[in-house]
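Try each task before reading its solution.

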Amino acid sequence: MTHEDEDELRRGLRELADTEGPATGAPPTGAVVAAARRTRHRRRALTAAAATMVVAAGSVLGVRWAGAAHDRAPTASGTASGGTAPGDTAPGDTAATRTTAPDAASSQPGGDGVAPLPAVSGPYPPQPRSKEGEPLDSGPREPVENVRYRYDVSAACGFRYVAFGGRVWEAEGADHAYSWLTDRAHGFIRLTANPRTRTPVAVFEPDGPDPDRGTRVYRPRATAPACLADEPRRAYSDAPAATIGPAEPVEGARYAYDWSTACDKRYLVFGGRLWKAEGATAPGALECLANDLPQVAHVRLVAGRVLVTTEDAPLSDRSRTHGYRPVDRLDAAERTRCPALPALQRLARQQTEERPAAKPTR
C-alpha cells in the first residue's frame, strides 16, 4: 500500500466515524480506499471547473497590452531539454514558454499547456539577438524584477515607446533619424524601481560595448500611442538574456553582463574562457539564495583581470566590484565543490567557437 492509499484510508475511516446511524460491520479496506478516491476525483473536477471560470473571467476583464505576437521557446546554446532550435517559434498566443537551462531535467507540459520551470543545474544559455525579418524580441509577458531580457525597441515610434511586461512605457525624446537605418535597436530590458520614488521603470541597454551611452529609462504611460500598431510582429519568451559579453572583448570596454549564480559566482565565463573569483570566499554565497536567475552586472577586461560590477547606473551610484583571474586547470576538489563547472566549461568553448576565423596573411 502506498502513502497515498494510506492517506485515503485514514480519510475514509474518519468519514465513516462521523456518519450518523447505527454501527455496522467494518467495510473492507478496498471499499474505503475506493470511496476516498471517488471523493478525490470529484474535488479535482470541481477545482478544474473553478480554474476554467477564473481564466475565462480574466480574458474578459483583462485590459493589459498584448499586441499581435506569438511565444518563442528559449534558445539554448548547445543543448537544453525540451528546447526549440534557434529561429523556431512556438505557435499560439496564450501560454508563454517557460525558461529552460542546460543540463536541466526535461519535463512534459502540464494540463494548462505550459511546461513547469525545471530545476537549474548550470548556467542559463545566452539568448541570441533577433535577425532581420524575424519577430522583435519582447521579453516575457510577466517579467521578473531586475532580470535582463532580450528586447528590440521598434523604430516605428522613433524608439520613444516600448510595450513590455503587459504595459506601455515612454522615454524622453525620439530618434526618427536612426529609423532610416534599421527597424529595430537590439538590446536588453529589465523591470526595476526608482530608488527615490519607488515607482516602476523599464531600463533599456543596447547590445554592444559601453552600453551607458545608449541606455534609456522608460516610465509608465497611461495610453498606447497609435504608432505601436505599426510595429513588426513581436515574439515573447520567459528566458533571461543571460548575456556574457562578446567572444573577443575590447580591453577596458564595458559590457552588459548577466552574472550566473552557478557555484555561488565563484566562476564565470567571459571572452571564451573560464575565470575564478579572487579571494577565499565566493562573491555570491548569500545573494544566490534568493533565486537562480542571472543577476544584472557589467564587466570589463583590465590588465589580464575581469572586473564585474553590480550597480544600477541609470538610477543610483551604489556599486560593488569583484575581480576574477583566468583558470588554466581545475583539480578534482574544485569539480566536486562546483557540479556546474562542466556546463560553464562547455559555455566557454561555445563562445570560443563563435569567434570569427582569422584572415590569412600573405
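**Exercise 1.** State how many aromatic pairs the model holds, then classify the pair Tyr-257 and Phe-270.

Solution. The model is predicted. The count comes to four aromatic pairs. Take Tyr-257 and Phe-270: their ring centres are 6.2 Å apart. Pairing requires centres within 6.5 Å, so this pair qualifies. Next, the angle: the planes stand at 80°. Over 60 degrees counts as edge-to-face, so that is the class here. Now place the residues. Tyr-257 lies in strand 10 (residues 254–259) and Phe-270 in strand 11 (residues 267–270), so the pair ties together parts 13 residues apart in sequence. Both Tyr-257 and Phe-270 are buried.

**Exercise 2.** Classify the pair Trp-259 and Tyr-324, and decide whether each residue is buried or exposed.

Solution. The centres lie 6.4 Å apart, with 75° between the planes. The pair is edge-to-face. Trp-259 sits in strand 10, and Tyr-324 in strand 15 (residues 319–326). The pair links distant parts of the chain, 65 residues apart. For burial, the cut-off is under 20% relative accessible area. Trp-259 has 1%, so Trp-259 is buried. Tyr-324 has 0%, so Tyr-324 is buried.

**Exercise 3.** Name the residues that form one aromatic cluster with Tyr-257.

Solution. The cluster consists of Tyr-255, Tyr-257 and Phe-270.

**Exercise 4.** Find which rings have the charged end of Arg-141 or Arg-273 over them.

Solution. Start with Arg-141: its charged end sits over the ring of Tyr-236, 4.2 Å from the ring centre. Then Arg-273: its charged end sits over the ring of Trp-275, 5.5 Å from the centre.

Key. Residues numbered from 1 in each chain as written. Predicted model: local features only at pLDDT ≥ 70, side-chain atom pairs only at ≥ 80, totals over all residues. Heavy atoms only, no water. Phe/Tyr/Trp six-rings, centres within 6.5 Å; stacked < 30°, edge-to-face > 60°. Helix = DSSP H or I, 4+ residues; strand = E, 2+ residues; numbered from the N terminus. Buried < 20%, exposed > 50% of the residue type's maximum accessible area, 1.4 Å probe, protein only. Lys NZ or Arg CZ within 6 Å of the ring centre and 35° of its normal.
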